[in-house]
Amino acid sequence: MHNLSLIFLLLIFAVSGILVWVAGTTIAKATDSLDCRFKIGDALGGLIILGVAGSLPEIAIVYGAAVNGHISVIIGNLIGGIAIQTLVIVIFDFATKGKRPLSYMAGSIALFFETVFAIAMVSLALLGTYVPAKDAIFSVNPFSLVILAAWPIGLFFIYEAHKVRRFNKVSDDANPGRLHDEYRSSEKSSFYINKSNAYVILILLLAALITLIAGVALEESGTAIANHMGINSGIFAATFLALIASLPEISTGLEAVFIGDNHLAISDIWGGNTFMLVPFFLADLLVGKPVLSYADNSDRLLAFVSIAMMGVYAVAFLVKLRRRYFKLGLDSILQICLYTVAIVALFYY
């Protein structure tokens with residue numbers, strides 16, 4: 001695609017982004033429907049399946065970048081994607097009804113645990129960036145293996161924590177909506193309610209295929225656009241590409257907020273953040289190199305910022321900030337400040 005004109009590349013990027021958005025949102029709705037029909041999320045394996053399905057746009061971009069050897073795009077998209085998805089909660093906060101911020105409405109010890117788990121996963125990836133390529137295990141960064149193992153273990157403990165009612169308590173005037181176990185035990189989903197199981201499965205598979213194809217086109221056109229404009233491809237992946245890949249999460253999260261499922265809106269973002277780093281293992285195998293070992297200071301900056309952003313929410317869940325300023329909680333305002341400083345630093349770098 002590097003031989004195409006910038007206008008044509010922008011058109012491919014825009015169309016691919018729209019396809020990823022529509023197909024990714026369709027995947028979320030189809031998995032929601034199948035979850036309620038077959039209770040696939042009632043077990044740890046089901047949570048893993050749902051996590052993978054919800055992150056197909058990121059997996060597709062990683063696959064396209066790995067095949068083309070664009071290591072900086074892989075790192076930027078995955079680590080930058082965590083910062084972007086955390087920032088998305090600001091949009092949910094703004095859309096929340098009432099006088100209290102979203103973190104207050106949904107905040108609980110269970111959400112605090114999820115946040116700490118996400119911070120721990122990013123910390124592991126950050127440590128992996130300091131491992132020299134020569135210390136790889138059969139071309140795999142040791143911390144890619146640790147992340148791969150830590151994800152299901154962490155999910156297990158989070159799954160168990162959600163069963164403990166005292167961990168799900170919120171303030172008397174809060175409104176978390178349905179918790180995960182209540183949501184999964186619902187008899188019906190609002191999506192595809194009159195359609196057969198075979199129809200929903202077919203829709204899911206078709207949407208997954210479209211997502212994979214569009215994700216690869218998105219990565220290739222995005223990298224070419226970055227080269228045309230003289231922008232570092234890793235920075236482009238960490239910002240614009242990561243934002244496009246997060247569009248399905250924005251859509252489904254807003255739907256959750258609009259119907260009062262405030263807890264789920266945040267929890268699904270944390271679920272995406274924890275899985276976001278697992279594809280580093282796949283990338284290592286496809287590229288034949290320990291991808292994290294090739295991270296630069298801009299990638300480390302994004303990792304530190306992601307940890308700081310999630311740390312702000314972890315504190316907010318504990319102290320329960322009550323006031324809103326311009327329809328945003330103080331935690332969301334801090335997110336905007338942290339991310340803005342990071343982006344300015346990235347482009348200056």
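Student: Let me begin with asparagine 77; in which helix is it found?

Tutor: Asparagine 77 is found in helix H4, in a predicted model where local features need pLDDT of at least 70, side-chain atom pairs count only at pLDDT 80 or more, and totals for chains, interfaces and linings use all residues. Residues are numbered from 1 along each chain as its sequence is written, and side-chain values use heavy atoms, with hydrogens and water left out. Helices (H or I, at least four residues) and strands (E, at least two) are DSSP runs, numbered from the N terminus.

Student: Is asparagine 77 buried or exposed?

Tutor: The general idea: buried means under 20% relative accessible area, exposed over 50%, and partly exposed in between, with a 1.4 Å probe and protein chains only. Asparagine 77 has 1% relative accessibility, so it counts as buried.

Student: Which residues is asparagine 77 in contact with, leaving aside its neighbours within four places in sequence?

Tutor: Contact means heavy atoms within 4.5 Å. With those neighbours left aside, asparagine 77 is in contact with Glu58, Ile61, Val62, Ala237, Ala238, Leu241 and Ala242.

Student: How do contacts and burial look for the chain as a whole?

Tutor: The chain has 15 helices and 2 strands. Of its 349 residues, 55% are buried. Among contacts with a separation of 6 or more, 84% are between residues 24 or more positions apart.

Student: Which residues of helix H13 are buried?

Tutor: In H13 (residues 279-287), the buried residues are Pro279, Phe280, Ala283 and Asp284. Down the axis of H13, the buried residues fall within an arc of 150 degrees, so they line one face of the helix. Their cover includes helix H3 (56-67), helix H4 (71-95), helix H7 (142-161) and helix H12 (262-275).

Student: How do I compare the span of helix H14 with the span expected?

Tutor: The expected span of a helix is 1.5 Å times one less than its number of residues. H14 (residues 297-319) has 23 residues and reaches 33 Å from its first C-alpha to its last, close to the 33 Å expected.

Student: Where should I look for positive phi values?

Tutor: Phenylalanine 138 is not a glycine, yet its phi is positive, about 55 degrees. Phenylalanine 138 sits in the loop between helix H6 (109-128) and H7, and is exposed at 78% relative accessibility. Phenylalanine 326 also has a positive phi, near 55 degrees. Phenylalanine 326 is in the loop between strand E1 (324-325) and strand E2 (328-329), and its 78% relative accessibility makes it exposed.

Student: How many salt bridges does the structure hold?

Tutor: A salt bridge is a side-chain nitrogen of Lys or Arg within 4 Å of a carboxyl oxygen of Asp or Glu. The structure holds 1, where the side chains of lysine 134 and aspartate 135 meet at 3.5 Å, N to O. Lysine 134 is exposed, with a relative accessible area of 69%, whereas aspartate 135 is partly exposed at 38%.

Student: Which residues make the nonpolar surface patch?

Tutor: Patches are made of residues with over 30% relative accessible area and no salt bridge: like charges are joined within 9 Å, nonpolar side chains (Val, Leu, Ile, Met, Phe, Trp, Tyr) within 5 Å. Accessible areas come from the Shrake-Rupley method with a 1.4 Å probe; for residues, only the protein chains shown count as cover. Here Phe8, Leu11, Val15, Leu19, Leu206 and Ile210 make a nonpolar patch of about 500 Å². Two or more residues come from each of helix H1 (6-38) and helix H9 (197-229), and H1 gives the largest share, 4 residues. Leucine 11, in H1, is partly exposed at 48% relative accessibility.

Definitions and conventions:
Arc of directions from axis to C-beta.
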